[in-house]
Amino acid sequence: MTQNAFSNVPMPRTDDRPLWDVVFAVYGYPALLLAHRLKVFALLADNPRTLTEICDALNIKPRPAEAILTVACALGFLSLQQERYALTAVSEEYLLQKSPNYFGFLWDLMIDNYQVCSFASLEKAILTDSPQTYGGGSIYQSHEEQIELLHRFTSGMHSMSMASALVWPGILDLSQHRIMLDIGGSSGAHSIGAALRLPNLQAIVMDFPQVCEVAQGYIAEYGLQDRITTCGTNLWSDHWPSADLHFFSNVFHDWPPEKCHFLTAKSFDSLACGGRIVIHEMLCNDDKTGPFAPAAFGMMMMGWTEGKQYSGLELSTMLQEIGFIDVQIHKASGYYSIVTGRKP
């Protein structure tokens, strides 16, 4: 082929950074998990340190240490001043185990199950429309059969929930409500957050009995045993305790629409007139064009569950179809929103 054959090749209409971003996400973000596993953030909790000091403490060489630390700085988890690496506000708040908002147990869960986000596993999840965690099948059945998996999963859920649990109770006027039923409440993080923000509210964490045993430990940590109780039950088949506020966080995205309809209808039937439902989720745009965080969360659900990330329109329509009124959508903490409605 002659040079003239290329003379009319057009210039690209856009540059290739979005393509590189895909490549860099694959290699870049795991650097934070490595820093967490190597306890870089704990090492810097007391004092900033130089690269040499970090290498000596972690017993790794400068080249790999610098690679990880550079990514951590680039993503805002560390700063570098006068040749010393230091924690930033986000790493102090979420990556030190002494913080009540410690996020590290979720990262541990990801590391323990890293095969779920491998290319091969996600490809299989997409092609078979089935979760791949713990070798496939229901994660909840695996938790019933292997209690250690349940403990680590519940710790991860608590880890990712506490920060947002302190925010959403302040978004709505919930002062008229007295008992919150935290449905599929896992560690009880959201009941803890609600009880701390709303002094007249009692809460019931409803989940499988083994999960409730774990939740009781977290509730005791906050000294809220007189405000929060647990109810070990099967939320699908058993009767729900009486409450005037039903709360679901990261429950609907575990299930397909027909099961979410079932839960919404069961909530409606269980509430008295004036009772409220609150669904706490990361919401996709109504036209399913993003944003990236809930879209990526949907891929995580492909690997872990039979559910998906819903849009605000999908959830609000679901509530209206069941009979809830005054359906509203509010932004909550970070990527989270709440969808809420009232039983007439």
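**A friendly note on the sheet and some backbone details**

1. Let's begin in strand β8, where you will find Asp326. This is a predicted model, and in it Asp326 has a phi near 50°, a positive value in a residue that is not glycine. Its relative accessibility is 39%. Buried means under 20% and exposed means over 50%, so Asp326, at 39%, counts as partly exposed.

2. Now look at the sheet around that strand. Seven strands make up an open sheet with mixed pairing, and their order is β5-β4-β3-β6-β7-β9-β8. The edges are taken by β5 (228-232) and β8 (325-331); each has a single partner strand, so one side of each lacks a neighbour in the sheet. From one strand to the next, the twist averages 20°.

3. Ile183 has Met206 in β4 as its bridge partner.

4. The loop between β7 and α14 is worth a visit too. Lys288 sits there, with a positive phi of about 55° although it is not a glycine. Lys288 counts as partly exposed because its relative accessibility is 39%.

5. Pro291 also belongs to the loop between β7 (276-282) and α14 (292-304). The peptide bond leading from Gly290 to Pro291 is cis, and its omega is near -10°.

6. Why do these backbone details deserve a second look? Most residues other than glycine have a negative phi, and most peptide bonds are trans.

Technical notes
Residues numbered from 1 in each chain as written. Predicted model: local features only at pLDDT ≥ 70, side-chain atom pairs only at ≥ 80, totals over all residues. Heavy atoms only, no water. Pairing = 2+ DSSP bridges. Helix = DSSP H or I, 4+ residues; strand = E, 2+ residues; numbered from the N terminus. Axes fitted to C-alpha atoms, helices over the stretch in contact; angles between N-to-C directions. Buried < 20%, exposed > 50% of the residue type's maximum accessible area, 1.4 Å probe, protein only.
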